[in-house]
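Me: I am new to reading protein models, and I would like to go through one with you, feature by feature. Could you show me the general idea each time, and then the case at hand?

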Amino acid sequence: MGTPVAVAAEKHLSKHETEKQRWNRNFADLLQELRVAQTGVQILFAFLLTLPFSSGFPNTTAFMKDTYVVALISAAFATAMIISPVAFHRALFRQGRKPELVRYAHRMATGGLAFMLVAMVSSVLLITDYLLNIWAAVILTVITAGWFLTFWAAIPFARRNWMDEDDEEDEEEDEAATDRV
């Protein structure tokens, strides 16, 4: 279940749309989000796939190679999870199961972003460890992880119950119009 504010916001939107339209809108919104994430993870994955063939890769330490494997596998898992809603949609096409598809796509997008976080942070560790000493690499990697977690988890979590000023104004206008009737 959503928070009271989220439920109220969803009800506000649902006044003007059917349940089917709402599920279609939710799926379309999710697909737009996945397009952004998909591009980023595919670029990272492509970079990681080519890295072992670069001239400097043989000079890496065992730790760097282990970090590389973590980054590569995490990017592969992220790619699979972020693209999976498309395959799921193909399997359920025209079966009237959009709610199930949206719930599944949401879980896969969340998991894909988690793996993408691991891939990004381990890639930063790999590159900074190659360029700098291990302590500087660890510090920069921790800062990077904190930065990602701030924008991908902490801020969205903190704002989950907040309502935008525009939404509040729309809600007040709707209440005023209802009171006049």
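Me: Where is confidence lowest in the protein, and where is it highest?

Reply: The term pLDDT is the predictor's confidence in each residue, from 0 to 100. The protein has a mean pLDDT of 80, and 80% of its residues reach 70 or more. Helices here are DSSP runs (H or I, at least four residues), numbered from the N terminus. Confidence is lowest in helix α1 (residues 4-14), with a mean of 50, and highest in α5, at 93. Over residues 1-8 the pLDDT is below 50. Where pLDDT is low, the predicted coordinates should not be read in detail.

Me: How many aromatic pairs are there?

Reply: Rings of Phe, Tyr and Trp (its six-membered ring) pair if their centres lie within 6.5 Å, and planes under 30 degrees apart count as stacked, over 60 as edge-to-face and the rest as tilted. By this rule there are 4 aromatic pairs. One of them joins F77 and F115, edge-to-face, at 5.2 Å centre to centre with 90° between the planes. This pair links distant parts of the chain, since F77 belongs to helix α3 (residues 62-92) and F115 to helix α4 (residues 98-131), 38 residues apart.

Me: What kind of pair do F148 and W152 form, and why?

Reply: Their ring centres are 4.9 Å apart and their planes stand at 85°, so the pair is edge-to-face. Both residues lie in helix α5 (residues 134-159), 4 residues apart, which is about one turn of the helix.

Me: Is T141 buried or exposed?

Reply: Buried means under 20% relative accessible area, exposed over 50%, and partly exposed in between (1.4 Å probe, protein chains only). T141 counts as buried because its relative accessibility is 9%. Contact means heavy atoms within 4.5 Å, and T141, which lies in helix α5, touches V121, V124, L125 and T128, not counting residues up to four places away in sequence. By contrast, L131 in helix α4 counts as exposed, at 62% relative accessibility.

Terms used. Residues numbered from 1 in each chain as written. Predicted model: local features only at pLDDT ≥ 70, side-chain atom pairs only at ≥ 80, totals over all residues. Heavy atoms only, no water. Helix = DSSP H or I, 4+ residues; strand = E, 2+ residues; numbered from the N terminus.
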